Amino acid sequence: MSVPMSRRWAEALRLTLKRVYDPTTRVPVPWLLAGEASLNLQGVTIEPDLIEFRAISPFAAAYFAQLMKPYEAPDTAATIVYRVGGNMAPSESWRSNIHQRIVAWSVGGKATWLGRWPIAGATVQVTYVRNVHPDPVGLGLRAETRRVRFENFDLPVVPFEYLLAEASIKSQLELTQRILHAMRTLGHDPAELRRALSPLPQEKAARLQRSLEFNIIS
């Protein structure tokens with residue numbers, strides 16, 4: 001899919017991939033593009049506000065952060081240092097810096113590792129999530145790798161079947177509708193969809209599957 005290069009998120013993605021793409025040619029893939037940027041590249045009509053990568057482990061998240069060192073705040077800049085550990089996420093203004101490339105916190109059975117950088121006027125982040133609750137994107141990380149073409153990169157992405165399940169769990173109805181519309185137009189993998197919807201209550205999963213045949217939303 002052709003993405004207008006004037007869009008700042010596309011420029012930010014291009015610059016990021018110059019740093020972190022090479023490890024994704026190996027097996028296992030250490031991180032995949034997720035979120036709205038992944039949906040856009042898979043044909044969903046949406047303009048990403050954030051470029052999000054999901055890592056397969058805390059070590060992969062740390063490796064990603066090491067590769068992004070040129071974009072972290074230097075030791076001469078005023079930085080926000082997040083208290084190590086704890087049960088509160090860092091503020092939206094926190095960015096990876098020379099003192100803290102990755103922060104981690106845990107609350108409600110969900111532990112998160114995060115790195116975040118400002119690039120070309122956009123925000124890029126990597127996360128690893130370990131959750132006792134259903135996590136469709138976590139399932140997507142273990143699925144057969146799906147790749148989309150972005151410039152000269154064959155970029156591994158979280159399949160939109162799993163991002164649909166995530167949007168439904170979060171009750172993001174507008175996003176759910178957009179993904180369903182793309183799936184009706186472009187097609188989908190029924191077996192992949194069943195795996196993606198497995199963390200959802202059976203009735204809700206069934207409604208989503210029916211909505212691919214009838215023009216309704218979950």
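This is a predicted model: local features need pLDDT of at least 70, side-chain atom pairs count only at pLDDT 80 or more; totals for chains, interfaces and linings use all residues.
Biologist: Let's start with helix 5 and helix 6: are they roughly parallel or roughly antiparallel to each other?
Modeller: Helix 5 covers residues 160–169 and helix 6 covers residues 173–186, and their axes sit 9 Å apart. They pack at an angle of about 155°. Angles over 145 degrees count that way, so the two helices are roughly antiparallel.

Biologist: And how many nonpolar residues are there in the contact of helix 5 with helix 6?
Modeller: On the helix 5 side you'll find, among others, Phe160, Leu163 and Leu164, and they meet a helix 6 set including Leu175, Ile179 and Met183. By class, that contact has one charged residue, two polar ones and, for the nonpolar group, nine.

Biologist: Glu161 is in that contact too. Which residue forms a salt bridge with Glu161?
Modeller: Glu161 is buried, since its relative accessible area is 0%. Its partner lies in strand 6 (residues 146–150), so the pair ties together parts that are 15 residues apart in sequence. With the closest N and O atoms 3.0 Å apart, the salt bridge is to Arg146.

Biologist: Arg14 and Glu11 form a salt bridge; about how many helical turns separate them?
Modeller: The closest N and O atoms of this pair are 1.7 Å apart. Arg14 is buried at 13% relative accessible area, while Glu11 counts as partly exposed at 25%. Both residues are in helix 1, three residues apart, so the separation is about one helical turn.

Biologist: Which residue is linked with Glu11 and Arg14 in a network of salt bridges?
Modeller: The structure holds 11 salt bridges, and the one between Arg14 and Glu11 belongs to a network. Along with those two, the network has Glu151.

Biologist: Last one: how far apart are the closest N and O atoms in the salt bridge of Asp154 with Arg149?
Modeller: Asp154 is partly exposed, with a relative accessible area of 33%. Arg149 is partly exposed as well, at 42%. A salt bridge needs those atoms within 4 Å, and for this pair the distance is 2.9 Å.

Methods. Residues are numbered from 1 along each chain as its sequence is written. Side-chain values use heavy atoms; hydrogens and water are left out. Axes are lines fitted to C-alpha atoms, for helices over the stretch in contact, and angles run from 0 to 180 degrees between N-to-C directions. Helices (H or I, at least four residues) and strands (E, at least two) are DSSP runs, numbered from the N terminus. Angles under 35 degrees count as roughly parallel, over 145 as roughly antiparallel, 65 to 115 as roughly perpendicular and the rest as oblique. Contact means heavy atoms within 4.5 Å. Ala, Val, Leu, Ile, Met, Phe, Trp, Tyr, Cys and Pro count as nonpolar, Asp, Glu, Lys and Arg as charged, and the others, Gly among them, as polar. A salt bridge is a side-chain nitrogen of Lys or Arg within 4 Å of a carboxyl oxygen of Asp or Glu. Buried means under 20% relative accessible area, exposed over 50%, partly exposed in between (1.4 Å probe, protein chains only).
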